[in-house]
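Try each one on the model before you read the solution.

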Amino acid sequence: MAIWKRHPDIAEVHGRQEGTVNGLLGLRITEVGDDWLRGEMPVDERHVQPFGILHGGVSVVLAETLGSLASILCCEEDQMAVGLEINANHLLPVPKGDRITGECRAVRVGRAVHVWNIEIRRGDGRLSCVSRLTTAIVERR
């Protein structure tokens with residue numbers, strides 16, 4: 001059973017990314033299931049820290065983007081989601097030249113608060129980061 005209250009239009013999402021951090025980093029939403037969504041990003045010179053591995057903050061950008069989009073898709077038209085808290089545990093380094101894929105799933109979709117779990121994997125499929133995002137659901141102004 002789908003949890004989305006809005007139809008997830010990947011082309012529309014990508015159209016809104018130009019001139020944003022998501023567009024600058026090359027983040028793409030790749031798949032939307034009934035209760036999950038997936039996105040990916042290359043790991044190139046835009047994404048690495050001085051040691052040539054993925055900057056942890058970039059993993060958090062992917063996690064927050066996926067969780068925020070998921071929350072928005074679960075909102076009524078007169079509502080919006082705003083971030084309350086995000087955390088991330090970086091488990092394995094990701095080298096420049098690789099690609100990361102994040103998958104977002106709901107922990108809880110309540111009336112006023114949503115909690116999302118995001119797993120980020122390296123190109124070899126190994127788990128590189130786990131993140132949890134909490135959003136507040138508020139009236140759209």
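**Exercise 1: the hairpin**

In this predicted model, β5 and β6 run antiparallel and are joined by 9 bridges. Find the bridge partner of Val 113 in β6, then look at what sits between the two strands.

Solution. Start at Val 113 and cross over to β6: you land on Ala 136. Next, follow the chain through the turn: β5 and β6 make a hairpin with 5 residues between them. Stop at Gly 125 in that turn, which has a positive phi of about 90 degrees.

**Exercise 2: the other neighbour**

Which residue of β6 is the bridge partner of Asn 87?

Solution. Look at strand β3, residues 79-90, which runs antiparallel to β6 and is joined to it by 11 bridges. From Asn 87, the partner in β6 is Arg 132.

**Exercise 3: two rings**

Work out how the rings of Trp 4 and Trp 116 are arranged.

Solution. The structure holds 1 aromatic pair. Its rings, Trp 4 and Trp 116, are 6.5 Å apart centre to centre, with 20 degrees between the planes. Planes under 30 degrees apart count as stacked, so this pair is stacked. Now trace the chain: Trp 4 lies in the segment before α1 and Trp 116 in strand β5, 112 residues apart. Both are buried.

**Exercise 4: the core**

Which residues touch the most other members of the largest nonpolar core?

Solution. Among its 24 residues, pick out Leu 37, Ile 100 and Ile 118. Then check the suppliers: α3 gives the largest share, 7 residues. Finally, zoom in on Leu 37, whose contacts include Trp 4, Leu 66 and Cys 104.

Key:
Residues are numbered from 1 along each chain as its sequence is written. This is a predicted model: local features need pLDDT of at least 70, side-chain atom pairs count only at pLDDT 80 or more; totals for chains, interfaces and linings use all residues. Side-chain values use heavy atoms; hydrogens and water are left out. A nonpolar core is a set of buried Ala, Val, Leu, Ile, Met, Phe, Trp, Tyr and Cys residues joined through side-chain atoms within 4.5 Å. Buried means under 20% relative accessible area, exposed over 50%, partly exposed in between (1.4 Å probe, protein chains only). Helices (H or I, at least four residues) and strands (E, at least two) are DSSP runs, numbered from the N terminus. Contact means heavy atoms within 4.5 Å. Rings of Phe, Tyr and Trp (its six-membered ring) pair if their centres lie within 6.5 Å; planes under 30 degrees apart count as stacked, over 60 as edge-to-face and the rest as tilted. Two strands pair if DSSP finds at least two bridges between them. Lists of a residue's contacts leave out its neighbours within four places in sequence.
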